[in-house]
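Open the model in your viewer and keep the selection tool ready. Each stop tells you what to select and what is there.

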Amino acid sequence: MKIYNFTIKTGKRTELIDVTQTVEDFIVKYGNGEGLCLVYSPHTTTAVIINEVYDPDVAFDINRFLDNLAPKNNNYRHAEGNSDAHIKAAIIGNSRILPYSGNKLILGRWEGIFLCEFDGPRQRNINIILI
Ligand code: ZN
């Protein structure tokens, strides 16, 4: 198992950022030909998803749906004022595991990996664990 890390600076409070190419760069450089790639964002207010990157309206719609599902203000108790972000992160999860072969991710034609920022803008870490 090999563990790598990169950082990303998010630009908005909520946004979905395509990190597919960066993840693939690690696999090309450090992969074992084939195996599993765990993408893990160690934060309580981010998530990692696999979804369509081809049409940016898909990411927009997912983000807006989540904003409606967990509104920013909803009489939450958590004093930090970001309970909506914690809830989104909790229900989605902050890691995904993907197979790779030929040192390329096995993804569907329109698929990619998104870091979901729910409480930005901030600097975020993403761990790439090659198994
Ligand atoms: Zn908080």
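Start with the lining of the largest pocket: its residues divide into six nonpolar, two polar and seven charged. Here Ala, Val, Leu, Ile, Met, Phe, Trp, Tyr, Cys and Pro count as nonpolar, Asp, Glu, Lys and Arg as charged, and the others, Gly among them, as polar. This is a predicted model: local features need pLDDT of at least 70, side-chain atom pairs count only at pLDDT 80 or more, and totals for chains, interfaces and linings use all residues. Residues are numbered from 1 along each chain as its sequence is written, and side-chain values use heavy atoms, leaving out hydrogens and water.

**The pocket**

Select Glu-15, Leu-16, Ala-59, Phe-60 and Asn-63. Of the 15 lining residues, these lie nearest the centre of the largest pocket. A pocket is an open set of points on a 1 Å grid over the protein atoms alone, where a 1.4 Å probe fits, with protein on both sides within 12 Å along at least five of seven lines; lining residues have an atom within 4 Å of a point. The space amounts to about 220 Å³, a volume filled by probe spheres set on the points. Helix 2 gives the most to this lining, with six residues.

**Asn-63**

Helices are DSSP runs of H or I of at least four residues and strands are runs of E of at least two, numbered from the N terminus. Is Asn-63 buried or exposed? Asn-63 is buried, with a relative accessible area of 11%. Buried means under 20%, exposed over 50%, partly exposed in between (1.4 Å probe, protein chains only). Leaving aside residues up to four places away in sequence, Asn-63 touches Thr-14, Glu-15 and Leu-16; contact means heavy atoms within 4.5 Å.

**Helix 3**

Move to residues 83-92, helix 3. Ser-83, Asp-84, Ala-85, Lys-88 and Ala-89 are buried there. The buried residues of helix 3 pack against strand 4 and helix 2. Just after the helix, Gly-93 has a positive phi of about 100°.

Three form an open antiparallel sheet in the order 2-7-4. Strand 2 (15-18) and strand 4 are the edges, each pairing on one side only. Strand 4 meets strand 7 (residues 111-117) over seven bridges; pairing takes at least two DSSP bridges. Click Thr-46: its bridge partner in strand 7 is Glu-117.

**Last stop: Ile-50**

Select Ile-50 in strand 4 (residues 46-52). Ile-50 and Leu-107 are 57 residues apart in sequence, yet 8.8 Å apart in space, C-alpha to C-alpha.
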